[in-house]
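Please look over the sequence and the model shown here before reading on.

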Amino acid sequence: MQSMKAPLLYLNHSRGWGGLEMFSLNLFKWLSNRDWPIYFSCEKASRLHQALQQTPYADRVFARKTIKYFDPISLPIITTLLKKKTIHLIHTFKSSDIFFSAAAASLAGASKPLLVHHLQMLPKHPRKDPLHRLAYGHLNKLLAITSQIAERAKTLWPINPAIVSTLYYGINPTLYGKQLHDPAQQKARFGIPSSSRTLGIVGQVCEIKGQLLVLRAFKELSKEFPDLFLVIAGAPAPGSESYQKELEAYAAAHAIQDRVKFCGFVPEIPELMACLDFFVLGSKAEPFGLVVLEAMASGALVVASAAGGVPEIITHAEDGLLYEAQNLNDLINTLKNALTLSAPKRQKIIENAYQTVCSRFSLSVFLERLETIYREMLQHR
């Protein structure tokens, strides 16, 4: 039987900087703080590499410029690292890194580590060609962030369904809430009218996130609810700068620009969420919906599109409200329902939402589940 906290290698050679990269960074920090001996192989000079260097565990970080899928120079270096550090398990986050980790593990010989992949996007195409069968056949565990993703992977990927598990994300709910971040102070900080009922959408500004849909719904609701104010927080995704301008032009064309606040990128999410009475998710597709959890923990009434993994988080009318994704009329009606709920009913949904986060989607629940998976795998190595 191997040590229950045997050395692990996290492998993420992404050059981007988004949820996937931030998640692997945070997981590295969280579990390192819990005394897991974790090493990290990443792309040299990437945003992820820069962030990893700012952690207390920078000496465990290895960075190289790599070629996607197979890199003939980096491969023997990673293989040597596996042997030198006696790595028992490799955890990947980017699908293209499965090829890299499978090849390195095979070259490790008798000390071959176990392979875990964290699947955070919904598979769209079959991957059952000989090359994928060869690489994916080395996987010992596939962790999917929603059941929808798990079921799709079982159908489209050349893997044994028995190795697939659903592992929901988690947040620390104690960081959020109006009791921690006074709404009046935060509204003043972000330039939001103090007497308004505030509706907010938070996320990268791009078409798939549905800011225009929300803006169109707000335009209709603003006629009936003169105290309603809309906050749109987030920076344009690369290539979506024109979409940001379209949103601003729409607000001006319909004379609602004085009731809409474009905040840009906001790093202080708990503070911003404390300003919101209502949170709306406008996404056409949403693999999971981490921002939904943040809103639920913050005391906002959540109105979310029934897209992707969101229905696995929210039970309609119990801990939030769901509407049909991309359906403007349904969004307007659902928001109107939220705005006209009785105070007791609204408060009950908000309280239920907080309990949902604590019981099913807290960081402690997530980490304990992941550690259990690691231990069970290492026990049978």
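What follows is a briefing on selected features of this chain, grouped by topic.

The model is predicted. The points below take up a helix and a loop residue beside it in the discussion, then aromatic rings, then a pocket, and finally some backbone angles.

**Helix 4**

- The buried residues of helix 4 are Asp 97, Ile 98, Phe 99, Phe 100, Ser 101, Ala 102, Ala 103, Ala 104 and Ala 105.
- The elements against which these buried residues pack are strand 1, helix 3, strand 4, strand 5 (114–119) and helix 5.
- Just after helix 4 comes Gly 109, which takes a positive phi of about 70°.

**Leu 139**

- Leu 139 is placed in the loop that runs between helix 5 (130–136) and strand 6 (141–144).
- Is Leu 139 buried or exposed? Its relative accessible area is 7%, and because buried means under 20%, Leu 139 counts as buried.
- When neighbours within four places in sequence are left aside, Leu 139 is in contact with Ile 98, Leu 115, His 117, Ile 159 and Ile 163, and of these Ile 98 is one of the buried residues of helix 4.
- Between the C-alpha atoms of Leu 139 and Lys 187, which stand 48 residues apart along the chain, the separation is 48 Å.

**Aromatic rings**

- The count of aromatic pairs in the model comes to 15.
- One of them is formed by Tyr 10 and Phe 93, an edge-to-face pair with 5.3 Å from centre to centre and 75° between the planes.
- This pair links distant parts of the chain, since Tyr 10 belongs to strand 1 (residues 8–12) while Phe 93 lies in the loop between strand 4 (89–92) and helix 4 (97–107), 83 residues apart.
- Tyr 10 and Phe 93 are both buried.
- Phe 93 also pairs with Phe 23: the ring centres are 6.0 Å apart and the planes stand at 75°, so this pair is edge-to-face.
- Because Phe 23 lies in helix 1 (residues 19–33) and Phe 93 in the loop between strand 4 and helix 4, the pair ties together parts that are 70 residues apart in sequence.
- Phe 23, like Phe 93, is buried.
- Tyr 10, Phe 23 and Phe 93 are among the members of one aromatic cluster, which also includes Phe 28, Phe 40, Tyr 57, Tyr 168 and Phe 288.
- In another arrangement involving a ring, the charged end of Arg 346 sits over Phe 278, at 5.1 Å from the ring centre.

**The second largest pocket**

- The second largest pocket holds about 180 Å³ of space.
- Its lining includes Glu 207, Leu 212, Arg 216, Tyr 243, Lys 284 and Gln 326.
- Helix 8 (211–224) and helix 9 (241–253) are the elements that give two or more residues to this lining, and the largest share, 3 residues, comes from helix 8.
- Sorted by class, the lining of the second largest pocket has 3 nonpolar, 3 polar and 4 charged residues.

- Gln 326, which is one of the residues lining the second largest pocket, has a positive phi of about 70° although it is not a glycine.
- Gln 326 is located in the loop between strand 13 (321–323) and helix 12 (328–340).
- Thr 86, likewise not a glycine, has a positive phi of about 50°.
- Thr 86 lies in the loop between helix 3 (74–84) and strand 4, and with 46% relative accessibility Thr 86 counts as partly exposed.

Key
Residues numbered from 1 in each chain as written. Predicted model: local features only at pLDDT ≥ 70, side-chain atom pairs only at ≥ 80, totals over all residues. Heavy atoms only, no water. Helix = DSSP H or I, 4+ residues; strand = E, 2+ residues; numbered from the N terminus. Buried < 20%, exposed > 50% of the residue type's maximum accessible area, 1.4 Å probe, protein only. Contact = heavy atoms within 4.5 Å. Phe/Tyr/Trp six-rings, centres within 6.5 Å; stacked < 30°, edge-to-face > 60°. Lys NZ or Arg CZ within 6 Å of the ring centre and 35° of its normal. 1 Å grid on protein atoms, 1.4 Å probe; cavity = no way out; pocket = protein on both sides within 12 Å on 5 of 7 lines; lining within 4 Å. Points joined across faces, edges and corners; volume = space filled by probe spheres on them. Nonpolar A, V, L, I, M, F, W, Y, C, P; charged D, E, K, R; others polar.
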